[in-house]
Amino acid sequence: MTQDMWDAEDCGLLDSAARDVLAGIGTVTNRGPAADGSTVYIVGEPSYRPYRSSSIPCAEDGYRMARKVLQVIFSPELCHSVAASPLAETARRTAAAHASSLWRGDATPAARGLAALAAVAPRKGGEISELWGAYRRRNPDAAEPIMAMRDFWGSIYVFQFIRGTDARLHDLAGAVHCLSTAVDYPGATDDSGGGDHSAYARAAAEGLALLAGPAATRAVREIAVVGAMMNVKNAVARAATSQPAPDSSVVTPAEFMLARWWDAEMAPYYRTMLGTRPYRHLSDGQGTLVPAAQCHAIKRAVDSLLRYNEVVDAVPDATNHECFNEFLLALATAGNTAVLGYGTALAEVTDAVLACPCRSDGHEEAAELAMGGCLWYLLAPRYAARRQLAAYSALTPAAAPGNYERLSACTLSPGVNLHSPAWEPLWRPTPARPADQRGQLIARRSLAAGTPNQECAVLATEVLTRCDTATAETLDDLYRLTEDWQKVFDAALSATGTVETAQSGPLREVLGRIWRQTVLGDSTGTALDAQLFMDFDEAFRDSFCLPAQDGLHLRRAFLGTATGCVELTGHNPYARLANSISIMCH
């Protein structure tokens, strides 16, 4: 019997004692659906303004609830229930696989390769100082570093959920999810430096006070389950590090994904926004994404958020003995060939969901979720994707743009996972698609189905043709394409009839910097990474003041063009990271 991964009880995480203790937490206002059917909605006016307020308001009732949620996370009832669950057993078997193959010094080629990469990799953690410096430059009155962390988590919603006109929802949702960070970060090797439990509780307070609805209440309870799952996972990882790993059966991709889904907070994270009015048509009365159970292409696209994380975190996770990483588990179980092409497959997932012929609702939204996740993990300073590539280029040419071994395309076999039960890749490398075909893909990413896209596709094809002729020795030619990518963006806007707005210019400028700074690595200094991330985040947030359709067209055009220049030019940073690790672990 297949478990419903959106249901903690169905996944075996909750016994009766755990259910009882969870019943005492939720959002401050516990109400049913709104009049319009929304199962997550706002019940009061927030006083906090991202990037503009001088401090975080601490709603007393929200703060009390945040502290109560943290108490439940560490309660004996919930900890015992999660530790006794089938998912905890999956964590133990996963940690054993990592310990025997990846954590034993130079015992295996994979362990040696990861150690070599770790020796030159930028350190993960402590990014709050970098974020706070950039934050204060744009908001000199800002007084509390935890503000940068609240806005950081609000930004992932902004990048992914591009529909609607109310960015307050994104901010408040991000605030609530600071609660899981309160468990994951403080005291960890890769701690961001954002503060202790009290600081994160203050960051979460306003979200808990002002969001309401059945899906919001359920999400808060699930965040507590996630926190307990994180604690159990960390405990079994420590045990696997210090004790000989017992023989255990191979964890299958389906088993792993079920456990990883809860460790990564996917159910409550998605539920919090899927219950809002712009996405209510895709969810049930609890914020569950219904089409993900109907269409494998949609399910894969929704899971891309998690998998982009696996790529950028592969080396730091191995270093920190973090066992919940699909990329690393595939490497540990089936060797380096199981991850060669992983980053290319992620790009194919987005194009596949847009090309899916089934009649389920949600293909456009699923692609937007995947594209937003692609850009967020690429640009977020915590994950240091650009700096990792710069460091690894000294060890393998596969990390550098313009290399000769890049994989530009693949075909995906049917399924919801990216590997077979034996961890064989469900993608097959193919020769690069011609530039005109990739130009059509970029136009399709940038424009909703049925929108005329010929001009956008033609301009994208011209840029891609020039990309195809560039080599490592002619990168200067690639730098000159910045304005050409901006013209592709303009063509996508023109196709929708969207006029130039005050928000178009900042996004056009950000697009050029993504191409030069992030894809091609034309940058020095970590401060520029934080600045680019915040410039993008602030410009995207500001665009929610536009009428619904104008704002959606602007944000979709940006996501499509930006992810096209990231993933479809042959210089894909995710493909370069994945392939570099695979080659070094041969």
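What share of the contacts in the protein with a separation of 6 or more comes from residues 24 or more positions apart? The figures below return to this point after an overall view of the predicted model.

**Figure 1. Overall view of the protein.** This is a predicted model of a protein with 586 residues. Its secondary structure comes to 27 helices and four strands. The C-alpha trace spans about 65 × 55 × 50 Å along its principal axes. The radius of gyration is 22 Å, which agrees with the value near 25 Å that a compact globule of 586 residues would have. As for the opening question, residues 24 or more positions apart account for 80% of the contacts with a separation of 6 or more.

Figure 2. Of the 586 residues, 62% count as buried. The accessible surface comes to about 20,000 Å², and 53% of this surface belongs to carbon and sulfur atoms. The protein has 51 positive and 65 negative side chains. The centres of these two sets lie 1 Å apart.

Figure 3. Trp376 counts as buried because its relative accessibility is 0%, and the cut-off for buried is under 20%. Leaving aside neighbours within four places in sequence, Trp376 is in contact with Phe152, Trp153, Ser155, Ile156, Phe159, Tyr383 and Phe533. One of these residues, Ser155, is 221 residues away from Trp376 in sequence. In space, the C-alpha atoms of Trp376 and Ser155 are 8.1 Å apart. The side chains of Trp376 and Ser155 also make a polar contact of 2.8 Å.

Figure 4. Arg260 belongs to helix H12, which runs over residues 253–263. With a relative accessible area of 5%, Arg260 is buried. Its contacts, apart from neighbours within four places in sequence, are Leu306, Asn309, Glu310, Phe324 and Asn325. Between the side chains of Arg260 and Asn309 there is a polar contact of 3.4 Å.

Figure 5. Arg52 is found in the loop between strand S1 (41–42) and helix H2 (60–73). Asp141 is 89 residues from Arg52 along the chain. The C-alpha atoms of Arg52 and Asp141 are separated by 8.3 Å.

**Figure 6. Close-up of Glu265 between two helices.** The loop that holds Glu265 lies between H12 and helix H13 (266–274). Phi of Glu265 is near 70 degrees, a positive value in a residue other than glycine. Is Glu265 buried or exposed? Glu265 has a relative accessible area of 9% and is therefore buried.

Figure 7. His321 sits in the loop between helix H15 (314–319) and helix H16 (326–334). His321 is not a glycine, although its phi is positive, at about 55 degrees. The relative accessibility of His321 is 24%, so His321 counts as partly exposed; this class lies between the cut-offs of 20% and 50%.

Note on methods: Residues are numbered from 1 along each chain as its sequence is written. Side-chain values use heavy atoms; hydrogens and water are left out. The radius of gyration is taken over C-alpha atoms; the globule rule is 2.2 Å times the number of residues to the power 0.38. Buried means under 20% relative accessible area, exposed over 50%, partly exposed in between (1.4 Å probe, protein chains only). Contact means heavy atoms within 4.5 Å. Accessible areas come from the Shrake-Rupley method with a 1.4 Å probe; for residues, only the protein chains shown count as cover. Lys and Arg count as positive and Asp and Glu as negative; His and the chain ends are not counted. The place of a charge is taken as NZ of Lys, CZ of Arg, CG of Asp or CD of Glu. A polar contact is a pair of N or O atoms within 3.5 Å; within protein, one must be able to donate a hydrogen and the other to accept it, and residues adjacent in sequence count only if both atoms are side-chain atoms.
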